[in-house]
Amino acid sequence: MSEPLFTPDEQKTFDAGIAELLSHYPPDRKSAAMLPALRLLQSLKGWLPPEGMQQVATKLETTVARAYEVASFYVMYHTQKPGKYVIDVCTNLSCALRGAEGLLTYLEQKLDTKAGTNGPKYFLRETECLASCGTAPCLQINEDHHENLTRAKVDALLEKLS
Amino acid sequence: MTILTEKVMTRDWARPGQNTLAVYKQHGGYAQAKKALELAPAAITDEVKKSNLRGRGGAGFPTGMKWSFVPSLEKNTKPRYLAINADESEPGTAKDRFILENDPHLLLEGIAIACYALGAHTCYIYSRGEFKYPSAVLDKAIAEAYADGIFGKKLMGKDFELNVYQVRGAGAYICGEETALLESLEGKKGWPRLKPPFPAVVGLFGCPTVVNNVETIASIPRIFEKGAAWFSGLGEAKSGGTRLVTLSGSVNRPGTYEVGMNTSIRELIYDKEYGQGLPEGRSIKAVIPGGSSAPVLTADEIDVKLEFDAFKPLQSMAGSGGIIVMDDQSCVVRSLWRVARFYAEESCGQGTPCREGQPWMARLIRKIEEGRGEMADLDNLVNVAQAIAPWPPIGLGNTICALGDAGALPVQSFVQKFRKDFEEHLRLHRCPLGNAPWGHFGEFK
């Protein structure tokens with residue numbers, strides 16, 4: 001048997017977090033906590049490893065298949081381990097009218113990657129509207145939002161990524 | 001006067017600390033809930049009906065009427081729920097996030113009033129997964145409200161338990177559709193339900209449920225501040241209050257603004273208080289008036305007021321208040337492709353016309369835009385759209401939910417109103433604008 005999924009501290013956080021989540025729902029509706037439970041797992045491990053999915057399913061008294069059905073439906077869940085920095089660039093209409101296509105090309109060049117390719121350091125993706133239309137163009141790095149982007153701003157953001 | 005002189009929803013946004021309970025209460029916060037909770041639940045719903053408040057999520061449905069569809073406790077003894085739709089994701093729309101960031105207690109005060117009126121002891125706020133910062137602000141506000149005895153066993157001291165939880169989505173536009181939102185709250189993938197039954201009767205966990213948008217519920221305290229007649233009078237015709245709109249695209253000053261229902265799209269684009277027009281020498285090519293699913297308008301059609309019913313003669317809709325402006329140097333075919341690609345990506349895969357039709361339309365538009373198309377593709381494009389949801393009028397969709405319509409309407413309206421642009425792509429076998437299809441602000445600098 002390989003190493004356990006969680007460190008003892010992580011296991012404690014996970015168990016307490018799930019217990020808290022379950023208290024938000026009717027007792028016979030444990031599986032309702034699926035979305036927040038997956039988010040909790042991902043916040044601890046950076047993605048949704050199979051052993052973790054098993055633990056979520058057990059706690060929520062449902063099947064692993066159900067857990068994967070949900071995990072694979074929503075784009076923010078990573079069923080494969082993503083690069084250290086997940087960079088989501090909005091290329092929808094409001095952003096495109098403010099330079100988003102150029103922004104994406106600029107990032108592809110600077111990071112030497114192609115949008116949609118998961119690498120060890122960067123996972124650059126095109127994403128859909130981030131509700132930042134009046135402050136376009138925008139992107140998110142590991143869910144942190146950045147808007148009104150320019151080349152200078154992007155350069156400064158990328159410099160911080162070690 | 002069609003430029004709003006008195007801000008209603010956004011008046012406190014600039015105040016430092018407004019998103020904390022202390023400052024919110026200092027300036028009269030929760031006084032309206034205290035007042036409303038002295039009324040009988042039915043009287044609260046009556047006030048909301050009289051206010052002419054209409055749903056700000058896109059449909060513009062009268063809020064008080066929606067509440068009144070919940071059956072009485074005598075008829076249905078199941079628990080009832082309020083679900084707040086904070087899954088703001090219709091392209092062009094960025095308003096609810098600012099309520100969460102700047103004035104979260106306004107929403108929570110509205111929730112207190114609404115839940116009391118509905119007899120709901122649990123409220124779930126379903127927020128967009130991508131809203132990291134707005135969600136953190138909201139979580140803090142909820143914790144403050146519990147610590148202060150506003151929520152919990154006794155709602156503001158009343159013998160009425162109210163629990164409020166935030167649930168974060170995980171990146172699925174479809175979960176803004178109210179029955180998909182309920183499925184997601186139940187811990188499932190967001191597949192919309194067949195209606196009827198409607199959520200007011202069979203909603204979350206099979207119980208009566210009202211689903212309301214953030215801006216809608218944040219409007220409730222204002223109704224009780226100066227009365228339903230005042231709130232209704234702020235608006236126009238059957239649309240009470242003011243609205244938050246997001247102006248984006250080829251304008252000098254994009255942003256989120258509070259406008260009167262009688263403000264026109266032209267005023268929004270050109271007034272110095274709002275968009276400040278287009279750059280010198282540029283003119284309007286097209287305007288999407290209510291989020292990307294709303295049928296597009298030409299430059300001649302923008303004198304329409306932002307009131308919900310005003311769009312009917314144009315066969316379009318006020319929707320979620322996302323106004324996207326395309327200037328005369330932006331390509332409408334390329335613009336439509338971006339929109340079509342979105343609906344293709346976000347189709348949940350349940351209904352066949354939508355699952356198959358949206359990607360098909362996106363491919364056809366791309367083909368035309370890149371100069372590989374022929375006339376038959378254009379006819380085919382319109383036929384696919386008509387098969388998903390015939391237009392006009394709006395609302396004839398053949399799919400389980402309105403996402404089918406949402407993807408078809410832009411295609412039909414763009415082709416109808418800008419057919420020449422599509423045909424020019426077919427004739428030239430390329431985009432007439434070459435490598436710069438995004439107008440004045442389209443270059444990344």
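Strands β1 and β2 of chain B run parallel and are joined by seven bridges. The model you are looking at is predicted.

**Partners of strand β1(B)**
- Strand β1 covers residues 80-86 of chain B, while β2 covers residues 120-127.
- To find one of the links to β2(B), look for B:N85, whose bridge partner there is B:Y126.
- Strand β4 (residues 209-213) of chain B also runs parallel to β1(B), with five bridges between them.
- On that side, B:L82 has B:V210 of β4(B) as its bridge partner.

**How enclosed is β1(B)?**
- Seven of the seven residues of β1(B) are buried, so the strand is largely enclosed by the rest of the structure.
- Both faces are covered: one carries the buried residues B:R80, B:L82, B:I84 and B:A86, and the other carries B:Y81, B:A83 and B:N85, also buried.

**The second largest pocket**
- This pocket has a volume of about 720 Å³.
- Its lining is made of 30 residues, and A:R39, A:L40, A:S43, A:E143 and B:R168 lie nearest the centre.
- Helix α2(A) gives the most to the lining, with five residues.
- Sorted by class, the lining holds 11 nonpolar, nine polar and 10 charged residues.

Methods
Residues numbered from 1 in each chain as written. Chains lettered and ligands numbered in written order. Predicted model: local features only at pLDDT ≥ 70, side-chain atom pairs only at ≥ 80, totals over all residues. Heavy atoms only, no water. Buried < 20%, exposed > 50% of the residue type's maximum accessible area, 1.4 Å probe, protein only. Helix = DSSP H or I, 4+ residues; strand = E, 2+ residues; numbered from the N terminus. Pairing = 2+ DSSP bridges. 1 Å grid on protein atoms, 1.4 Å probe; cavity = no way out; pocket = protein on both sides within 12 Å on 5 of 7 lines; lining within 4 Å. Points joined across faces, edges and corners; volume = space filled by probe spheres on them. Nonpolar A, V, L, I, M, F, W, Y, C, P; charged D, E, K, R; others polar.
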